[in-house]
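Visitor: I would like to learn how to read a protein model, one feature at a time. Could we look at one together?
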Amino acid sequence: MKEYELNVRVKVLMPAELEKSDAELVEAAKQATETSYSPYSHFQVGAALRMESGEIIKGSNQENASYPVSCCAERTALFWAGANRPGQAVRAIAIAAQSKGRFTDDVTGPCGVCRQALLEVEHRQGSPIRLLLYSESGVHVTDSIEEIVPFSFYAESMGSEE
Ligand SMILES: [Zn+2]
């Protein structure tokens, strides 16, 4: 038998310790929770992308009575960016969430579907997307999406030729 560990390096900073541009991005993610349409979960999620141009693009979760139709905040922002800023790299994403009128004490990480969507954008653009997860007790930061998706699945995983 062989055994190994996979490690993820996470920095935890208080909002005041963030660089200005990251603090802005986190604030944008918090603001984005206000546009959430979440009458079913009552869980308001906001995401904010920092594009290579410096522009911030916001998204929030959009639910539907037919639950699977709903879209997470992360993909709402990511797909809007893909449709409206094609070819432009995403440098970072910040995520924040509110429940019962207050921001969560614990971080809200992207779901598995959003991790896969973010991973493909990161892979396609050939540069990492930094992840900033807001919580009332600190902002948890990783240097890439790949770090939180071990055993990643890419088009190349299927062994297909171009
Ligand atoms: Zn998701």
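Predicted model: local features only at pLDDT ≥ 70, side-chain atom pairs only at ≥ 80, totals over all residues.
Visitor: Which elements are included in what covers the buried residues of H3?

Guide: Residues are numbered from 1 along each chain as its sequence is written. Helices (H or I, at least four residues) and strands (E, at least two) are DSSP runs, numbered from the N terminus. A residue is buried if 20 or more other C-beta atoms lie within 10 Å of its own, exposed if 12 or fewer, and partly exposed in between, with C-beta atoms placed from the backbone. The cover over the buried residues of H3 includes helix H2 (73-84) and strand S4 (90-99).

Visitor: Which residues of H3 are buried, and which exposed residues does the face turned away from them carry?

Guide: An α-helix has 3.6 residues a turn, so residues three or four places apart point the same way. In H3, the buried residues are Cys 114, Leu 118 and Leu 119. Viewed down the axis of H3, they fall within an arc of 135°, so they line one face of the helix; the arc is that of the directions from the helix axis to the C-beta atoms. On the face turned away from this buried side, H3 carries the exposed residues Gly 112, Val 113 and Arg 124. Just after H3, Gly 126 takes a positive phi of about 70°.

Visitor: What span should H1 have, and how far apart are its end C-alpha atoms?

Guide: The expected span of a helix is 1.5 Å times one less than its number of residues. For H1 (residues 20-32), with 13 residues, that gives 18 Å, and the end C-alpha atoms are 18 Å apart, which agrees. The buried residues of H1 are Leu 25, Val 26, Ala 28, Ala 29 and Ala 32. Seen down the axis of H1, these fall within an arc of 155°, so they too line one face of their helix. Among the elements that cover them are strand S2 (43-51), strand S3 (56-60) and strand S6 (130-135).

Visitor: In what pattern do the helices and strands follow one another along the sequence?

Guide: The protein has three helices and seven strands, and along the sequence they follow the pattern β-α-β-β-α-β-β-α-β-β.

Visitor: How do S4 and S6 run, parallel or antiparallel?

Guide: S4 and S6 run parallel, joined by four bridges, and Ile 93 has Leu 131 in S6 as its bridge partner. S6 and S7, by contrast, pair in the antiparallel sense over five bridges, forming a hairpin with two residues between them.

Visitor: How many residues does the largest nonpolar core have?

Guide: In soluble globular proteins, nonpolar side chains tend to be buried together. A nonpolar core is a set of buried Ala, Val, Leu, Ile, Met, Phe, Trp, Tyr and Cys residues joined through C-beta atoms within 7 Å. The largest one here has 34 residues, and those with the most contacts inside it include Ala 29, Ala 47 and Ile 93. H1, S2, S3, H2, S4, H3 and S6 each supply at least two residues of this core, and the largest share, seven residues, comes from S4.

Visitor: Which residues does Thr 76 touch, leaving out those up to four places away in sequence?

Guide: Two residues are in contact if their C-beta atoms, placed from the backbone, lie within 7 Å. By that rule Thr 76, which lies in helix H2, touches Gly 59, Ser 60, Gln 62 and Cys 71, not counting residues up to four places away in sequence. Thr 76 is buried, with 24 other C-beta atoms within 10 Å.

Key: Pairing = 2+ DSSP bridges.
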